[in-house]
Amino acid sequence: MTNLSKININQVVKLNTLESSKESEKIPLALNPDIDLENDLAKDLDEPELYLNRELTWLEFNRRVLHEATDEANPLLERLKFFAIFASNIDEFFMKRVGGLKLLLAANITELTVDGRTPEQQLQECAERVNAIEHIRDQSLPTLLKELETYDIRILDYDALDQKQQDFLRLHYLENIFPLVTPQIFDPAHPFPFISNLSLNILVTLQPGIGEETALARVKAPVGAGVSRFVRIGDTHHFVPLEQIIAQNLDLLFPGEKQIDYDYFFVTRNAGAERQESGTNDLLSMIELELRDRRIAPIVRLVVNPGMEQEKKRMIVDQLGLDANTDVFETPNLMAQRDLFELINLPIAGLHYPPHHPTNHHRLQDTQRNIFYLLREAGSMLLQHPYESFTSSVVRFLEEAANDDKVRAVKMSLYRTDKETRVVDLLVQAAKNGKQVAVVVEIKAKFDEAANIKWAESMEQAGIHVTYGVIGLKTHCKVLMVVRQDYSKLRRYVHIGTGNYHGGTATQYTDLGLLTCDEEIGHDVTELFNYLTTGHSRKRNFQHILVAPKQMKKELMDRIYREAANMKNGHKGLIQIKSNALEDKDIVKALYQASMAGVKIDLIIRDTCRLRPGVAGLSDNISVISIVGRFLEHSRIFYFFNAGKEEYLVGSADLMKRNLESRVEVITPIDKESLKIELRLIFNTLLDDAMDSWEMQSDGGYIKRKPKSADAIGCQVKQMEFAQTRLKTKRYKKLLRTVSARKRN
């Protein structure tokens, strides 16, 4: 490992001793003579021991999610929801991350990660980590289910039911499910059947008669398409898993058999394979092929019940082409636990979080006046979801644009949306009302490709100009622009967000949005859409917003180095960043260098984090916390002290190599002082939290913070209260004055 005690702090970053300026920031990093990333210190900072593994730190995030499922402070059905979230996350981890590692392994790619691991090593360590975390789950879920029985909510075993209940379920099965079930025998004359992704299956063993051989069959539980995983008994809150109902009535599928044995197994397939684009004309066809390939892609995980005979387990492992050491997992509990989502909305008082009703933004209370008038008066507004309503702000903005006679054009980037939000309907309405409507649809949004293809086709049929972004890059930015004829000139109104235009996630994720009519931002966003619709970027210079992959990474690194230079010149150095992930090695290295120069760095990183905080001589000025609570922390905020000329930025980009180098992302500065104070309040609230936050240790582990008083409340509850307070202007102004005073001190 690097001998940090021998590092000369003066070598950390050789920066310009002059105060930074707009001109110096525009110098390409590699050409700046005062920043030498090829010196001996930079080579020391390439040591793999200084970086944590992306996959393992993401699994540690899911350990924190699982903690929410076991935390007795959370209501019971909310805890059940966290079990479902945990299961869904692990499924996705195997589909995307493990699937990708297996592709590397199959291609004999042995290139090491920045933390020094081969694909094979990562697969082995991931399997060990998943086993350890799922062991906690397997011990905890039965305890929660027992607690739910206190409220007469029960997931029952079929064989524990009385005869009347069994008869009821058998009849329900015959009338509603049996016609959908297809048994598939496999023997020398019948090949092993295809096992679809995320399918829950029954392995049936038919005991042989005299002179016969044992027969095996597969039966898939037909969950989905109107069939529930958990079948309710009458009008009760008692449920029986569908696979047990099928298994206990196998005589209907195999009449006349004297002895029928069964086991359960669950499979996950690789979703990581992506085809190379050959041109926009072929893009839709390519995505449709990818979706088909994903359904039949190689299996990357097999889950079985512990009682399965070793011979049968080996047979399935061999048939599916799996590694018994890294690809096979056992659970004594329910498989496919993401289906627990079916039960979390049972209407029982006291088992859910208190209802949360987003407020209207305090500047958008007047619903009689045109939103464009309100926005011109304010200049810019900061939207905070889910504390403030997405519907009464962003959807209202789009709805009024669609129907306003003075609106000439609407341009939008669309990564994910939902039917309930009406985004597509409003875009179609705008086109029907004679507006020029252009939409950039990202049809490669993982797991939403099919929906996005559907949206794209419906918009094209309505006459909307639909494009699919820049070849080779995902369009991940969240930008909406309305061009309106105001008085004697066209004015651009812009929304730039940290989250998708999706009403469902807007009630579950914490996100920010900037509504503004700032001319500089409007100019840059116009250039952005011209870039997205043409792919031509050679001479596009964004003066205000930061756009990836063109300039965002360099600009962020320049700001990090500027803080170190300011420290050298006697100023305070402070960086605060909130992001979902911190994975890009160059950014981590720059933060290490700034820390070694004395810059204080506060990071709020939800999940993946390669950086090791608190290492003496390297990162002892860096702290990292992760916040896991009722809402998914999703906003991205960047703060730089900048020798007192403080900079705040918000946007769509996480600090990951893919976001900074392979996606179109947008971060916008927040220049209005009152909005800066609102962002400072958010930072202070999150950094001071002792209820929902975990402190990261240098070894990659986390320790949950403990509140100092019994009546402490979490940062998310506080922000709910702040949203209510914003409606009471005098009280809110007093709160902001308190924040301003704290900032000065």
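**Stop 1: the whole chain.** Keep in mind that this is a predicted model. Colour by secondary structure and you'll be looking at 21 helices and 27 strands. The chain has 745 residues, and 56% of them count as buried. Now think about contacts between residues at least 6 apart in sequence: 74% of these join residues at least 24 apart.

**Stop 2: helix α3.** Select residues 54–70, which make up α3. From first C-alpha to last, this 17-residue helix reaches 25 Å, close to the 24 Å expected at 1.5 Å a residue. How many residues of α3 are buried? The count is 14 of the 17, so the rest of the structure largely encloses the helix. Asn-53 caps the N-terminal end of α3, with a side-chain oxygen 3.0 Å from the backbone nitrogen of Glu-55.

**Stop 3: the second largest pocket.** This pocket has a volume of about 600 Å³. To find its centre, select Asp-157, Gln-244, Pro-332, Asn-333 and Leu-334, the closest to it of the 26 lining residues. Then show the elements that give two or more residues to the lining: α5 (119–148), β1 (154–155), α7 (242–247) and β7 (260–269). Which of them gives the largest share of the lining? That's α5, with four residues.

How values were computed
Residues numbered from 1 in each chain as written. Predicted model: local features only at pLDDT ≥ 70, side-chain atom pairs only at ≥ 80, totals over all residues. Heavy atoms only, no water. Buried < 20%, exposed > 50% of the residue type's maximum accessible area, 1.4 Å probe, protein only. Contact = heavy atoms within 4.5 Å. Expected span 1.5 Å × (residues − 1). Polar contact = N/O pair within 3.5 Å; in protein donor to acceptor, adjacent residues only side chain to side chain. 1 Å grid on protein atoms, 1.4 Å probe; cavity = no way out; pocket = protein on both sides within 12 Å on 5 of 7 lines; lining within 4 Å. Points joined across faces, edges and corners; volume = space filled by probe spheres on them.
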